[in-house]
Amino acid sequence: MAYILLAVFIFVLDVFMKNRIEARDRENFPVRLDNGISLEKHHNKGFILNKMDHKPELVKLLSVITVIPLLIWAVWLFVKKAGALGKTGAAFLLGGAASNIYDRLTRGYVVDYIRLPIKKIRHIIFNIADFFIFIGAALSAVYGLFKK
């Protein structure tokens with residue numbers, strides 16, 4: 001149950017932040033934070049880096065199709081005696097993916113709003129869900145390598 005609540009918390013947190021960003025006018029951006037991170041307002045109609053943004057309906061369909069096996073796998077992990085690492089990874093993946101899919105289905109695009117001050121990825125704008133998806137994938141990979 002705790003892992004389902006974790007996934008729900010990630011979903012709610014990211015949707016809350018996206019709603020806050022959407023409520024502000026574009027001229028209020030970017031907001032530069034003291035640590036070099038900037039908050040921006042970007043609508044991504046495609047996958048990462050706007051890939052396939054010219055086919056938003058296909059992006060929606062592929063997103064939903066992709067999350068179905070993830071959901072089945074996460075539920076299977078949550079109910080079996082799997083390790084905490086695998087369950088945490090699944091919760092992170094599920095919460096982040098659910099938030100981005102929710103955006104795609106309700107808004108028609110994903111709201112991205114975090115630009116990191118790292119030179120090699122400065123051109124990419126993220127959201128909280130993206131970070132949880134990345135961390136969840138890494139945790140799940142480590143879990144898969146070391147599970148008995």
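User: Is Tyr-3 buried, partly exposed or exposed?

Analyst: This is a predicted model, in which local features need pLDDT of at least 70 and side-chain atom pairs count only at pLDDT 80 or more, while totals for chains, interfaces and linings use all residues. Residues are numbered from 1 along each chain as its sequence is written, and side-chain values use heavy atoms, with hydrogens and water left out. Tyr-3 is partly exposed, at a relative accessible area of 23% (buried is under 20%, exposed over 50%, partly exposed in between, with a 1.4 Å probe and protein chains only).

User: Which aromatic pair does Tyr-3 form?

Analyst: A pair of aromatic rings is described by the distance of the centres and the angle of the planes. Tyr-3 and Phe-78 are stacked, at 6.1 Å centre to centre and 15° between the planes (rings of Phe, Tyr and Trp, the last by its six-membered ring, pair with centres within 6.5 Å; planes under 30 degrees apart are stacked, over 60 edge-to-face, the rest tilted). Phe-78 is buried, with a relative accessible area of 15%. Tyr-3 belongs to helix 1 and Phe-78 to helix 2 (residues 56-79), so the pair ties together parts that are 75 residues apart in sequence (helices are DSSP runs of H or I with at least four residues, strands runs of E with at least two, numbered from the N terminus).

User: How do helix 1 and helix 4 pack?

Analyst: Two packed helices are described by the angle between their axes and the distance between the axes. Helix 1 (residues 2-23) and helix 4 (residues 128-146) have axes 8 Å apart at an angle of about 150° (axes are lines fitted to C-alpha atoms, for helices over the stretch in contact; angles run from 0 to 180 degrees between N-to-C directions). The two helices are therefore roughly antiparallel (over 145 degrees; under 35 is roughly parallel, 65 to 115 roughly perpendicular, the rest oblique).

User: In what order do the strands of the sheet lie?

Analyst: Strands of a sheet pair through backbone hydrogen bonds, either parallel or antiparallel. Here four strands form an open sheet in the order 1-2-3-4, with antiparallel pairing (two strands pair if DSSP finds at least two bridges between them). Two bridges join strand 3 to strand 4 (residues 125-126).

User: Why is strand 3 described as largely enclosed?

Analyst: Six of the six residues of strand 3 (residues 110-115) are buried, so the rest of the structure largely encloses this strand.
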